[in-house]
Amino acid sequence: MTNTKINFCGVEFKNPIVTASGTFGFGMEYNEFVSIEEYGGFGAKGLTRVPREGNKPPRIAETPSGILNSVGLQNPGVEHFAKHIMPILAEYDTNVIANMSGNTIEEYCEMAEILSDTDVAIIEMNISCPNVKHGGLAFGTDPKVVNELTSAVKKHSKKPLVVKLSPNVTSITEIAKAAETGGADGLSLINTLMGMKIDIHTRRPILANNTGGLSGPAVKPVAVRMIHEVHEAVKLPLIGMGGVMSGEDVIEFMLAGASLVALGTGLFVKPDLILPVKQEIKEYMERYNIEDINSIIGTAVMN
């Protein structure tokens, strides 16, 4: 018998597979293809303090080995989620990771309080959002601001707080350390890389918002490198994501230092991706006589 259970921030996951926020809706959409109970947990669509319609279309563009998205956090708002969506999700045997985005520290704190009174297992804080009180620069690009934000929100969160890191920074380890000293319980990375696609005939960007976040297999090497660097720099457990398309990809992220690994863009290609991924992990463990999946976390040997 092999063990695939992972204890992450004091929460038990029956397997290390979760989903990346923004790629899985609120679970019910994919539940029509494969039961959400197949996952150890899933990241729900990003929430904001009030409902948002998102950006105008086009807001998705396919690229070689990935996609660009500029959806703009379309969502029904945190209060609607807490009252109408989470009670339904709580009936399923899986952990819900609620993702939240804000434009001020106060918004983040308010959302943490609201989500803390629900059955979500973990609160994931997206810090790639513009800080409207400080010129619109993303919260996640300044270590001092990350520390201040994390410290403030931690005081309002009754659930484990995981900070989602942006790769669009000079040093992701400095940001990770700032979140750790601010009191984060865990980290998730990476969020999307900023990109652009231009229509050569109209000479205009494909996306209405001009730029968007790049995800998919193209970003995986960057994500694996950053997971390794952050695992070496902090003592917090990590959720790894970025271009995961197979069980082998999951194993690679775990060897780099991730405890949980998220499926994202791959679900758009193959909605039932979780099934072959779990099978491939099982086969890998059997091939190398691995009894406990935890034993491989962070064990990649550097040259």
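Buried, as used in these legends, means under 20% relative accessible area. The model shown is predicted.

**View 1**
The protein has 9 helices and 16 strands. Its radius of gyration is 18 Å, close to the 19 Å that the globule rule gives for 303 residues, so the protein is as compact as a globular protein of that length. The C-alpha trace spans about 55 × 50 × 45 Å along its principal axes. Of the 303 residues, 51% are buried. Among contacts with a separation of 6 or more, 69% join residues 24 or more positions apart.

Thr-94 sits in the loop between helix H2 (78-89) and S7. Its relative accessible area is 13%. The cut-off for buried is under 20%, so Thr-94 counts as buried. Residues touched by Thr-94, beyond those up to four places away in sequence, are Ile-36, Glu-37, Tyr-39, Gly-40, Gly-41 and Phe-42. Take Ile-36: 58 residues separate Thr-94 from it in sequence, yet the two C-alpha atoms are 7.1 Å apart. The Thr-94 side chain also reaches the backbone nitrogen of Gly-41, at 3.5 Å.

**View 1. Asn-95, in strand S7.**
Asn-95 belongs to strand S7. Asn-95 is buried, at 15% relative accessible area. A polar atom of its side chain lies 3.3 Å from the backbone oxygen of Gly-40. Gly-40 is also among the residues that Asn-95 touches, leaving out those up to four places away in sequence.

**View 2. Helix H4 and what covers it.**
H4 runs over residues 143-154, 12 residues in total. From first C-alpha to last, H4 reaches 16 Å, close to the 16 Å expected at 1.5 Å a residue. The buried residues of H4 are Val-145, Val-146, Leu-149, Thr-150 and Val-153. These residues cover an arc of only 125 degrees around the axis, which puts them on the same side of H4. Their cover includes three strands, S7 (95-101), S8 (122-126) and S9 (161-164). It also includes two helices, H3 (105-116) and H5 (172-181). At the N-terminal end, Asp-142 caps H4. One of its side-chain oxygens lies 2.9 Å from the backbone nitrogen of Lys-144.

**View 3. The largest nonpolar core and Leu-189.**
This core holds 90 residues. Phe-81, Met-100, Leu-187 and Leu-189 have the most contacts inside it. H3 gives the largest share of the core, 7 residues. Leu-189 touches Leu-165, Ile-172, Met-226, Ile-227, Val-230, Leu-238, Ile-239, Gly-240 and Met-241, with residues up to four places away in sequence not counted.

**View 4. Two cis peptide bonds.**
Ile-190 lies in the loop between strand S10 (186-189) and strand S11 (193-196). Another cis bond runs from Pro-57 to Pro-58, with omega near -5 degrees. Pro-58 is in the loop between strand S4 (41-43) and strand S5 (60-63).

Ser-65 is not glycine, yet its phi is positive, near 65 degrees. Ser-65 lies in the loop between S5 and strand S6 (66-69). At 47% relative accessible area, Ser-65 is partly exposed. Asn-289 also has a positive phi, near 55 degrees. Asn-289 is in the segment after helix H9 (274-287). Its relative accessibility is 67%, and Asn-289 counts as exposed.

**View 5. Gly-264, between a strand and a helix.**
Gly-264 is placed in the loop between strand S16 (260-263) and helix H8 (266-269). Gly-264 is buried, with 10% relative accessible area. Apart from neighbours within four places in sequence, Gly-264 is in contact with Ala-20 and Thr-23. From Gly-264 to Lys-155 the distance is 30 Å, C-alpha to C-alpha, across 109 residues of sequence.

Notes:
Residues numbered from 1 in each chain as written. Predicted model: local features only at pLDDT ≥ 70, side-chain atom pairs only at ≥ 80, totals over all residues. Heavy atoms only, no water. Helix = DSSP H or I, 4+ residues; strand = E, 2+ residues; numbered from the N terminus. Expected span 1.5 Å × (residues − 1). Buried < 20%, exposed > 50% of the residue type's maximum accessible area, 1.4 Å probe, protein only. Arc of directions from axis to C-beta. Contact = heavy atoms within 4.5 Å. Polar contact = N/O pair within 3.5 Å; in protein donor to acceptor, adjacent residues only side chain to side chain. Core = buried A, V, L, I, M, F, W, Y, C linked by side-chain atoms within 4.5 Å. Rg over C-alpha atoms; globule rule 2.2 N^0.38 Å.
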